[in-house]
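Here is my note on the model you sent. Please read it with the structure open.

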Amino acid sequence: MDWTPTISELSGPRYQRIVDAMEADIAAGRLVRGQQLPTQRALAKALGIDLTTVTRAYTEARRRGIMEARVGQGSFVSETSARRTVDLPHPVAIDLSMNVPPHPLEAQLDERIIAGMEAIRAQSGLTAYLNYQPPGGSTHEREVAARWMRSRVPHAQADRLVIFPGAQTILFNLLAHLARPGDVVLTEALTFPGIKAAAARLGVKLVGVAMDDGGILPDALAKACRAHRAKAVYLIPTLHNPTTATLSAARRSAIAKIIRDADTTLIEDDAYGLLDRSASPIAGLIPERTYLATTLSKCIAPALRVAYLVTPDSGAQRDMRTSLQATVQMPAPLMVALVTHWIESGIADRIIAAIRNEAVGRQQLAQRTLKGFQFLAKPAAHHLWLRLPEDRTDVAAHLLRNGLAVVAGEAFTIDGTPPHAARVSLGAARNRSELTEALRILIGALQKPADTRQIV
């Protein structure tokens with residue numbers, strides 16, 4: 001608690017200078033995540049200023065997300081770049097429904113965005129990216145992305161890669177390209193709501209295939225392929241959303257053979273693959289039959305809107321670039337330029353490593369806090385799949401009434417009875433203190449008898 005900022009060389013109101021000094025010392029490593037800060041009274045005395053100025057500074061620091069207050073303990077340097085709460089819908093106070101990556105201070109996103117834009121400006125100027133660009137990315141941008149991906153996807157080449165504005169755009173365009181209204185696409189029995197929305201809009205029928213805790217069952221997939229003339233199979237093999245299941249190497253090999261024998265196409269959603277590099281994409285086994293979608297939304301930030309599609313061949317790549325141009329024209333050029341700079345300089349891997357480490361820390365926190373409850377989880381996942389008691393169908397609604405949002409199982413169900421489970425997105429909490437509070441509310445809801453939670 002011996003931190004005393006140097007504010008005499010800074011400009012602006014005193015409270016603003018205190019916050020600016022705090023940000024600078026965090027960036028320089030003089031303040032570290034979780035470090036306790038002086039009390040407001042102690043800092044006011046050390047700086048020779050009135051208490052209200054320090055109070056205003058601490059309030060502003062909390063608003064920026066660089067400081068957090070812990071009841072009964074004091075003020076601490078935030079463990080993450082906290083998100084604003086002003087946009088949360090009433091009555092949500094803590095939103096664990098969105099599966100987004102946490103932003104630990106080690107990721108240095110604010111500083112790296114500024115530095116990256118400055119590097120782009122110095123090299124070619126920012127206005128160069130304010131005009132139309134080639135749909136699917138320039139040759140250079142695709143070559144950089146392909147080289148980066150080849151450690152996991154050996155067949156990635158620039159002439160087989162398309163840069164999209166997010167994975168959702170990839171899924172919509174792929175379904176439109178591969179299927180027609182009424183056609184069947186197979187997927188896991190529980191799946192990403194985004195593919196459900198795209199299929200519903202396009203009139204494509206999704207058929208769910210049985211799963212266990214290890215993911216989709218190969219025998220069930222083979223049976224479904226025989227029963228349906230499926231145009232494609234859509235899977236999330238790594239850190240599955242919502243169950244966190246990661247297919248074993250044996251299952252990946254079996255699934256590749258089934259897809260080849262059925263003469264169909266795989267849409268492999270690799271949204272979480274960069275968080276668990278031990279799992280090799282199925283695309284490596286059947287590259288000629290796979291469209292592999294890798295997005296930065298889950299491993300860096302969703303608002304970048306940068307995702308990569310590796311296609312089966314160069315002809316399919318040209319088709320998907322044409323489809324992209326017809327729907328949304330191109331990804332945001334400045335964002336693609338920023339990500340390309342990060343990849344070339346090695347910064348992207350450092351950001352991902354920091355986010356992966358934070359995900360591991362949050363999973364460990366959840367493991368300790370939820371001990372005794374049934375849930376599925378993986379060390380680097382941003383979420384967990386919580387089993388709910390069979391007689392407690394109102395848990396999600398009860399949680400919402402208490403200001404906590406999670407996603408109930410029905411959002412992921414293709415058909416049949418929704419499971420008594422909920423996805424809890426650990427990365428969505430603004431910091432670990434908020435996550436601890438959210439898990440406390442969750443435990444309270446699970447432990448409370450069902451008849452006392454009813455509202456009549």
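Predicted model: local features only at pLDDT ≥ 70, side-chain atom pairs only at ≥ 80, totals over all residues.

1. Cysteines. Zero disulfides turn up in a search of the whole structure. C225 counts as buried because its relative accessibility is 14%, under the 20% cut-off. C299 counts as buried too, at 0% relative accessibility.

2. Strand β12. This strand spans residues 307–310, and both of its faces are covered. A307 and L309 are buried on one side. Y308 and V310 are buried on the other. In a regular strand, side chains alternate between the two faces of the sheet.

3. Partners of β12. Strand β4, residues 161–164, pairs with β12 through four bridges, in the antiparallel sense. Here I163 has Y308 as its bridge partner. Strand β11, residues 290–295, is also joined to β12 by four bridges, and the two run antiparallel. In β12, L309 stands opposite A293.

4. Main core. Which residues touch the most other members of the largest nonpolar core? They are W148, M149, I300, Y308 and W342, out of 69 residues.

5. Another core, of 27 residues, lies apart from the largest one. Its members include F375, L386, V406 and A445. In soluble globular proteins, nonpolar side chains tend to be buried together.

Key
Residues numbered from 1 in each chain as written. Heavy atoms only, no water. Disulfide = S-S within 2.5 Å. Buried < 20%, exposed > 50% of the residue type's maximum accessible area, 1.4 Å probe, protein only. Pairing = 2+ DSSP bridges. Core = buried A, V, L, I, M, F, W, Y, C linked by side-chain atoms within 4.5 Å.
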